[in-house]
Amino acid sequence: MKAVEQTPTWLPEVEANPQPSPYADLIRIAKESGREHWQIWHLFAFRPEVTSPLASFTEGVMRGDAPISGGLRELIAAYTSWTNQCEFCWRSHAAIAAEMLGSEDLVRKVLEDMETSPLPEHEKALMRFARKITKELPAMREDDVEELRRMGWSDEAIYYTILVVALFNFYNRWVTTSGVHPVSDEVHRMHGKRLAVSGYEPKNRLMGIKASGNGV
């Protein structure tokens, strides 16, 4: 089956040279099935010896045992990406958050106007913290951490919040500056459903695809 045409990234030599890896397999399977694919896979596939540890790190940050649920971590990632206006990342992680939290409407309201959204106040505090890290880093003070403690968050929860925000500030810059484009809403939702189950290790993703027989 002919692959759907996608606008190339801004790094054509990187896109044209995937090295043997699970990410190269994901790209191949998507093209063979005629589906759009996440172009961030090209960034991972170009130097898998460098990026494989990044995938494992992302798995640990987003899916490891933590006092913040995986769904809330995905929402923080989406909100950080929305703040940075990284369309690929906010749409991707909004889809995952909606799947894990069970509500597209909640995620949409948080992104569009977090303060008036139905998110609980103590979770809004995490979003404010994420926004300040992203937009006002030099203004961060110990009082910002203390405010989260007053809202009931432990140091471990704050630690994981900082990890998620820092990680997605990296991803937003990597993706945006490489010219990675978003895909259709349908494909973002499809990947969101898969990542909610399989996580970020590409081998697990491939196993899920092979088990379903439905392509990427």
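Visitor: Hi! Which residues of H11 are buried?
Guide: Hello! In H11, the buried residues are Val187, His188, Met190, His191, Gly192, Arg194, Leu195, Ala196 and Ser198. Buried here means under 20% relative accessible area, exposed means over 50%, and partly exposed is in between, with a 1.4 Å probe and protein chains only. Helices (H or I, at least four residues) and strands (E, at least two) are DSSP runs, numbered from the N terminus.

Visitor: What kind of model is this?
Guide: This is a predicted model, in which local features need pLDDT of at least 70 and side-chain atom pairs count only at pLDDT 80 or more, while totals for chains, interfaces and linings use all residues. Residues are numbered from 1 along each chain as its sequence is written, and side-chain values use heavy atoms, with hydrogens and water left out.

Visitor: Back to H11, then. What span should it have, and what does it have?
Guide: Its 14 residues should span 20 Å at 1.5 Å a residue, and the end C-alpha atoms are 20 Å apart, so the two agree. The expected span is 1.5 Å times one less than the number of residues.

Visitor: And what happens just after H11?
Guide: Gly199 takes a positive phi there, of about 80 degrees. Just after H10, Gly179 also has a positive phi, of about 75 degrees. H10 itself covers residues 155-178, 24 residues in total, and reaches 35 Å between its first and last C-alpha, close to the expected 34 Å.

Visitor: Which non-glycine has a positive phi?
Guide: Gln85 does, at about 60 degrees. Gln85 sits in the loop between helix H5 (70-83) and H6.

Visitor: Is Gln85 buried or exposed?
Guide: Gln85 counts as exposed, because its relative accessibility is 67%.

Visitor: Zooming out, how many helices and strands are there?
Guide: The chain has twelve helices and zero strands. For overall size, a compact globule of 216 residues would have a radius of gyration near 17 Å, and the chain agrees because it has 17 Å. That radius is taken over C-alpha atoms, and the globule rule is 2.2 Å times the number of residues to the power 0.38. The C-alpha trace spans about 55 × 35 × 30 Å along its principal axes.

Visitor: How much of the chain is buried?
Guide: Of the 216 residues, 50% count as buried. As for contacts (heavy atoms within 4.5 Å), 71% of those between residues at least 6 apart in sequence join residues at least 24 apart.

Visitor: New topic: how many cavities of 30 Å³ or more does the structure hold?
Guide: There is one. On a 1 Å grid over the protein atoms alone, a cavity is a set of points where a 1.4 Å probe fits but cannot get out, and a pocket is an open set with protein on both sides within 12 Å along at least five of seven lines; lining residues have an atom within 4 Å of a point.

Visitor: What is the volume of the largest cavity, and what lines it?
Guide: The largest cavity holds about 260 Å³ of space, where grid points are joined across faces, edges and corners and the volume is the space filled by probe spheres set on the points. It is lined by 20 residues, with Trp38, Ile40, Phe44, Leu195 and Tyr200 the closest to its centre. H6 gives the most to this lining, with four residues.

Visitor: What about the classes of that lining?
Guide: It has 14 nonpolar, four polar and two charged residues. Ala, Val, Leu, Ile, Met, Phe, Trp, Tyr, Cys and Pro count as nonpolar, Asp, Glu, Lys and Arg as charged, and the others, Gly among them, as polar.

Visitor: And the largest pocket, how much space is there?
Guide: About 320 Å³. Its lining has 14 residues, and Trp90, Ala94, Ala95, Glu104 and Arg189 lie nearest the centre. Helix H6 (87-101), helix H7 (104-112) and helix H11 (185-198) are the elements that give two or more residues to this lining. By class, the pocket lining divides into seven nonpolar, one polar and six charged residues.

Visitor: Last one: what does Arg149 contact?
Guide: Leaving aside neighbours within four places in sequence, Arg149 is in contact with Asp155 and Ile158. Arg149 is in helix H9 (residues 142-150) and is partly exposed, with a relative accessible area of 33%.
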